[in-house]
Structures are given as C-alpha cells and as structure tokens.
Amino acid sequence: RESSSRRPRIEGRGSWRAAPADLLCLAAMRGRTIAQLALALAAGGALVSVFVASALDHTGGLPVAPLDDTFIHLQYARSIAEGHAFAYHPGEPPSSGASSIAWATLLALPHLFGARGLDLLWADWILSALFVALLLFAAARVARTLGAPIEGGGRDVAPLPPLAAPLGLLAWGWLGWHLASGMEVALAAALVMGSWWALLAWEARPADARTPRAALGLGALGALLPLVRPEAAPLAGALALGLFFWPARGAHRWRALGALPVLGGLFVPFFWWLVTGTARSNGARNKWIFSLPYFDEERLRHWTTLNLEKAWGFFSGTGGEGTEGYFPPYLFVLLFALGLLVPLLHRRRRALVLLVGGTLACALATLSSTHFDSHRFRYLMPFLPPLLLLALRAAHALGGAFARGAGSAVRGRAGA
C-alpha cells in the first residue's frame, strides 16, 4: 500500500483511466481507514473519559486537572487569546513559563470560541482525546510498517496483529494517566509516533514516489516537534537526516527540505529571545543542569549519576520508591533490546536506526534536568510509545517462535 505500484492509478494522477475494480479497491481502502480512525477516536475518548470521571468523582462534579502545570498552560492560553502573548497576568511582561509553545497556543483557540475558566479543561480533554486517537492510529500503522516488505530487505517479518499495538498502549495505565492529564503529553506522543510512521513509510517508498509535497509535510512535522517539547529536537534531527538521505524525486535541491526540522529547533530559543529578551526559557534557566549558577565537574557528576540511576530503575523496574510498578523487573529492557534486533536483522532499515537513535536521545535529554526526579515521567512519556511497540514486537516474535516450536513437537509426536 505504501508503494505507488500497489496504489490504484486514477486519471489525473496516472497515465490511464482507473478501472472499476481499482476504484472499488480504493474505496474499500478508504473505508477501512475511516473505520480505523473512528475506532481510534472511540478508544481515545474512552481512555480520557475514565480519568475525567475519576476527577469529577473526587471533586463532586468540578472539572480539575491532576497537575498544576496544566493550569499554567491554560493561564498562558488565556493571555494569548486576550492579546497579551505569554504574559502570565494582564499587564505583566511576557514570560517563558510555558514549557510547550505549541500546546499553550493551541489551547488559546477554545478561549477565542468562548470557553472560560474551568470550562477550558473540557476543551483540553477533548483535544487530548483527539490526539490519543491519532497516537493509537499511528501506532497501528507503525507496527504494520515494521513488518512490511521493503525493497532490498531480507527475510520477511510478520507484523503485529492490527489491534495489538493500540491495545498494548491502552493497557498501560501509567501512560493513560499522563495522556489524560491535560498537558501536552498526548499531542507530543501523537507527533512522535506520527514521525515514526512518516519516516518509515518515506524510506519504504520507491524513489519516484517520494514527492516534494510529501517531503514538505515530513519537514513540517519535524519542525513542529521542538515547539511541542524542546527535548524532541533530536527526533526532529532524525527526520532532517531522513530527508537528506532519501530526498524527494527530481533535483537534489529537495534535500534542502531537511533544513525545516532544524529550523524548528532553532526557532524555540529565537522565539523566547524575541518575546522575553533571553533565549533560555524559565525551565532551562532554573532546571537545566548546565544552567546552574555554581555548575562544575562535581555537580555534573552528581546529577548525571543520580539521574542515570533513576532512569535505569524506571526502565528496568528495579528502582526504589517512586519507580516500582511501571515495568516488571528487567522485562521491558530485554524485550526492547530484542524488539530492536528483530526488524534490524531482518529488514535492515536505516530509517529505524535514525528513529531509535533520535528517540533515545530525546529520552536522554530529559536526564539533563535537575527535576528529573519529580518530572521524569511527564517528560519521558511522549517518547515511550514507539519503544513500547518494539518491546511488543519482540513479545510477538517470541510467542510466534514458541508456537511454531510447540506445533512442530506436536506434529512430530503425532507422526510417531
């Protein structure tokens, strides 16, 4: 489906008029996509509704968010809608307390349409449900793409079942809580998963099917990532490299579109400099290890060791208080390592190398915060879903190998 040779050619896009059977095939594919989107929307709405219902139950029907940072972004959204861009209170100078430029700007739209006060939370939850749906839809496509044939690849690897990827993400309550928290986690996670889907599909396309318009869309996606979460800049760099290695068809000048994600990363400090007079946001000045007023080698070693230990305890499931319960001991790291090897050994995907490297770099970037202890989950969550898919892929491969081995043993006994 990702190859132009497999897609029905329609008049205006190809050299011959589409046959009725081709039009029926195209209609069926579009109908399937619409049904999958509808199912994803229902799942996203159900997930967010569970946490909204819990919040309303605790407050007697008053909408409330579980994080104070949610209200900080709503406050900045109100100031943007009222024409006091990024001023926390009317009349105050602009400040950079919103860690996500794009999320605060997006939340200003409901205010323009009349939402006020706590009613803004309902708009926030609706947007979160929409982005959760996009995350689940993209996750299903990524899981299928990881097992799809690719020109010049090795032995085929069966993709995950269609519902395995979204159900695997929905089953993790910690992820669901953050997706429904009213923060930018849902938007960032959807963009990260969309980046995986877009670059994997871009690499799998034949060279003559990589159109400049699609390359522009991929570049714009990369440029948007740092505006949602500054730590997403390495993943934007991975998209930039993808556009450079596999440019759009035609002249080599289309490689220049790879600069779009880089410009998105550079825009963030430029925006804060333009608005506040300093290129560093409040979070960077107060929480970034390298911005500490008494930064030296000893403090760097202290924070690096401390945050790495906490990160290992989180991912390995062996950490102490505050990290237990996220993963069974050592299961995730083992499945992730195997899940990374399976597609690399069988498909030899260069795009997957870029994506995994960029996503892991984003996760590592969160370690540079002195508040990693208290904020690590919110900062890490947008980058975990694609890594979870690789772990699910490994579990699927192990299950298939076990089933084939057990089946062979049963047939051997039956033959005997």
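Serine 368 lies in the loop between α14 (350-365) and α15 (372-380), where helices are DSSP runs of H or I with at least four residues, strands are runs of E with at least two, and both are numbered from the N terminus. This is a predicted model, in which local features need pLDDT of at least 70 and side-chain atom pairs count only at pLDDT 80 or more, while totals for chains, interfaces and linings use all residues. Residues are numbered from 1 along each chain as its sequence is written, and side-chain values use heavy atoms, with hydrogens and water left out.

**Serine 368 and its surroundings**

- Serine 368 counts as buried because its relative accessibility is 17%; buried means under 20% relative accessible area, exposed means over 50%, and partly exposed lies in between, with a 1.4 Å probe and protein chains only.
- The side chain of serine 368 reaches the backbone oxygen of alanine 365 at 2.6 Å.
- When its neighbours within four places in sequence are left aside, serine 368 is in contact with Lys287, Trp288, Ile289 and Phe290, contact being defined as heavy atoms within 4.5 Å.

**The chain as a whole**

- The protein chain has 16 helices and zero strands, and buried residues make up 45% of its 416 residues.
- Of the contacts in the protein chain with a separation of 6 or more, 73% are between residues 24 or more positions apart.
- The accessible surface of the protein chain comes to about 20,100 Å², and 67% of that surface belongs to carbon and sulfur atoms; such areas come from the Shrake-Rupley method with a 1.4 Å probe, and for residues only the protein chains shown count as cover.

**Salt bridges**

- Side chains of opposite charge can pair when their charged atoms come close.
- A search of the whole structure finds three salt bridges, each being a side-chain nitrogen of Lys or Arg within 4 Å of a carboxyl oxygen of Asp or Glu.
- Arginine 229 and glutamate 184 meet through their side chains at 2.8 Å, N to O; arginine 229 lies in the loop between α8 (212-228) and α9 (233-245) and glutamate 184 in the loop between α6 (173-179) and α7 (185-204), so this pair ties together parts that are 45 residues apart in sequence.

**Helix α12**

- Helix α12 (residues 297-316) has 20 residues that should span 28 Å at 1.5 Å a residue, and its end C-alpha atoms are 28 Å apart, which agrees; the expected span is 1.5 Å times one less than the number of residues.
- Within α12, the side chains of arginine 301 and glutamate 297 meet in a salt bridge at 3.6 Å, N to O, and these residues are separated by about one helical turn because they are four residues apart in the helix.
- Arginine 301 counts as partly exposed at 48% relative accessibility, whereas glutamate 297 is exposed, with a relative accessible area of 61%.
- The buried residues of α12 include Trp303, Asn307 and Lys310, and just after the helix glycine 317 takes a positive phi of about 75°.

Methods. A polar contact is a pair of N or O atoms within 3.5 Å; within protein, one must be able to donate a hydrogen and the other to accept it, and residues adjacent in sequence count only if both atoms are side-chain atoms.
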